[in-house]
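Please look over the sequence and the 3D structure below. A short report on them follows.

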Amino acid sequence: MESLEALVAHIQGLSGSPEEVAHLHSLLKQADGEPLRAHAAALVPFLAHLSPETHSLGYLYLLEACATSGSNLSDFGGGDFLVTIAGFLTACSADQIRLAPDKFLNVCRVLKDQVMQLIMPIRGIAPLRAAVRKIQSSPEQLTPVHADYLLLCLLAKQYKAGLSVLEDDIFEVEQPKDLFLYCYYGGMIYIGLKKFPKALELLHNAVTAPMSMLNAIAVEAYKKYVLVSLIVNGQVPSFPKYTSVSAQRSMKNHAQIYVELSTSYSNGRYTDLETFVQANSAVFQSDNNLGLVKQVLSSMYKRNIQRLTQTYLTLSLEDIARSVQLETPRDAEMHVLRMIEDGEIHATINQKDGMVSFHEDPEQYKSVEMLEHIDSSIQRLTALSKKLASIDENMSCDPAYLMKTGRDRGRFDGRFDYDDYDSVPHKYF
Amino acid sequence: MDVEGEVPAAAAAAVMNGLGGAEEASAAPVSAEQLDVEAYAAQYSGRTRLARLLFIADRCGVEAMQLEALRMAYDEIKRGEDVQLHRDVAAKIGGRLGPRFGLDQAWVDTVTRRADQRKEKLENELNGYRTNLIKESIRMGYNDIGDFFYVHGQLSDAFKSYIRTRDYCTTSKHIVQMCMNVILVSIELGQYAHVSNYVSKAEQTPDSLDPIIVAKLKAAAGLANLETKKYKLAARKFVETGIELGNNYSEVIAPQDVAVYGALCALASFDRSDLKSKVIDNINFRNFLELVPEVRELVNDFYASRYGSCLGHLEKLKPNLLLDIHLHEHVETLYMDIRHKAIIQYTLPFISVDLNTMATAFKTSVTMLEKELAALITENKIQARIDSHNKILYARHADQRNATFQRVLQTGNDFERDVKSMLLRANLLKHDYIQKTSGSRKM
């Protein structure tokens, strides 16, 4: 067992080129483990000798040993240690730390726990965001750090910070648990930003992900999914075919109240819905969904008013109030005004007559912005199609797949069906 | 088995002349404020007359009419052999008509005894035939037993017996007879699926059928469709019913009924061209419509867009139609459909319609009309928008170009979202699979 000084010297010496780093890596692995942790207290001053960018790997090992040593981090000068970790995460070199991903993840976990203990989640946001980028091998990969990062953003109410991570599409997942947490927290962030369609997407993924047994995260996600569906679409769609069997069978049993809420909503009577919410507000509160439920309530008015725009050209405020079940025409006026400001309907209010005139959507689809929007959509979708095609190709070359289909077809006699080459889902034709 | 009772002379004349005669008598059941029970009942025979009389008694709400119907029913039942019905009617009368119309226990006993004797005799005969294995006799034996049960009101037994004759039918005439019997019992039992079934069976026999039988089958099919709420099919069957039907099917339906049911279903479900070709220009059906001139006026008014008078006629007919055993549950739906069609047809040719004139045309208030229009617009049956301030209805045609753009963008979004989710799920499954296979390799 080398002494610490020798180890540090190695680190400083062998961090030049990739081969040296590989050698260093093997040395470090030998030195790793309990002995290193036992010296944890002594490690800290050595860290000062090392630079996070060039000696990332070594720094990581030492840092991890300190962090997981089990002794209280305040021994290391609490807040400063946090700064050290944060500094490391921001400055480290991506190639080096990818050689030891588990240790990196441990360090991130420690940072998050520490930050939560100190109830200062905002301090963890910048370091973790950098960490996410560093450990991802491609922008489409999901790591455990994603979930932690989103959690901190939520606790610190820094929703916009979470957006930058959420905007990347995720296609590769190592651990299903990460995905569930990611979708759940991501959905909550979008809800906080009032971007309900995107929230719906994420929550939908959480609910319909393949799972052999129901897990609690999926159930919580389902509850929010029901509420957000009601706000966006006015109804909750039934489970699609690809939902796992266990979800289809038992999800609703765990979220019974929400299912009842959605049936009450679909009946269209505001007062009934309101009484239902009042009666069950304790349950909603304990699920932390009361705010969302209140939004569901107000969305009901909006939906009714929007339905009116389809039937009437002009309508008096009293009639609006009556058909939407509001108390007074003044309430109706306020609702309509708010909706006009939010761009949800196109109308003008004539206060003298107490009339509202509804207009058609002025969008003519002729402007330059619209053309650009369409163009970029087309490009995005073409790229997506290509990706889909390439994945399909890879799959068809996979030996396990070929064995299975060869078996099913009897003899693999080289007859190819035209359908095998269809890469786009059929319903879009 | 037709039982001719004491019928008023005028109604008798109507029955003899069949179609086109005695306008007053045949018109009486339909257009009078008060249904003339006797004339109405005279159109029918057999068990349906009893069923209708009892139904009228239950539903009409006017004591005089009720007692009249019950009285007629009582007399009719005494002429037959159904003991259970006798008990029911006696209970319903409840002594209001005097001692002659009470429960006649002596008669009940006599009839029951006679019935038991006859039943034994029939069953013995049948057993005899069965041992002899003569098909024709067995068939007739079952038929007789079926008839016996029918007369005594044991309908499901009658049904079973008639079904049993099927195995012993040799000629198509036998098959047709069996089908007609089964249809009769099924209508009374309310099992309209069987009715449709056996109608098609009867129509498929290789020999050509007597036109009266064809007409009967069409009418029965129409009735079955009406009761199962398939109004369009019912209308088609009724308008195709041949005029040969006359009064030959009085144990089920009268020709006036064919006219009324057919016209109402057609108004509610046919589009304009069908209405013209199949109902108004249909010579055959015209003969039926002549029997009920009110209904003929109704149809012509609708076609000529005289909605006020059309709806007025409908309202006048309503109370009597509610007393009809087959139509009563469908009256509301049919009326609502006809009204909606009238409104839709009214608004079709115009770009803008003043709601006040429309309200007077439909004899309703502007507010009610507005509500009805709003409902129809929401169901997408009218393409228009209401200007509530000026009370005008403006036709509105969707802008195809904008709609297409919206749809395209929406489809693009849906595609993107679905494919991304799919790739994600595929990836999850792949990892799951890899875990499983690598797990199995680790021996």
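Predicted model: local features only at pLDDT ≥ 70, side-chain atom pairs only at ≥ 80, totals over all residues.

Residues are numbered from 1 along each chain as its sequence is written, chains are lettered from A and ligands numbered from 1 in the order in which they are written, and side-chain values use heavy atoms, with hydrogens and water left out.

**The interface**

The size of an interface is often given as the accessible area lost when the parts come together.

| Item | Value |
|---|---|
| Residues of chain A in the contact | 47 residues |
| Residues of chain B in the contact | 36 residues |
| Area buried between chain A and chain B | about 3900 Å² |

Contact means heavy atoms within 4.5 Å. Buried area is the accessible area (1.4 Å probe) that two parts lose on being put together, summed over both. Carbon and sulfur atoms give 62% of the buried area.

Chain A and chain B share 3 salt bridges. A salt bridge is a side-chain nitrogen of Lys or Arg within 4 Å of a carboxyl oxygen of Asp or Glu. A:Arg380 forms a salt bridge with B:Glu416; their closest N and O atoms are 2.8 Å apart.

On the side of chain A that touches chain B, α22(A) gives the largest share, 10 residues. Helices (H or I, at least four residues) and strands (E, at least two) are DSSP runs, numbered from the N terminus.

**Strands**

Two strands pair if DSSP finds at least two bridges between them.

Within chain A, β4(A), residues 347-350, pairs with β5(A) in the antiparallel sense over 4 bridges. A:Thr348 stands opposite A:Ser357. The hairpin of these strands has 4 residues between them, and A:Gly354 takes a positive phi near 70°.

**Aromatic rings**

Over all chains the count is 16 aromatic pairs. Rings of Phe, Tyr and Trp (its six-membered ring) pair if their centres lie within 6.5 Å; planes under 30 degrees apart count as stacked, over 60 as edge-to-face and the rest as tilted. The rings of A:Tyr222 and A:Phe239 have centres 5.6 Å apart and planes at 35°, so this pair is tilted. A:Tyr222 lies in α14(A) and A:Phe239 in the loop between α14 and α15, so the pair ties together parts 17 residues apart in sequence.
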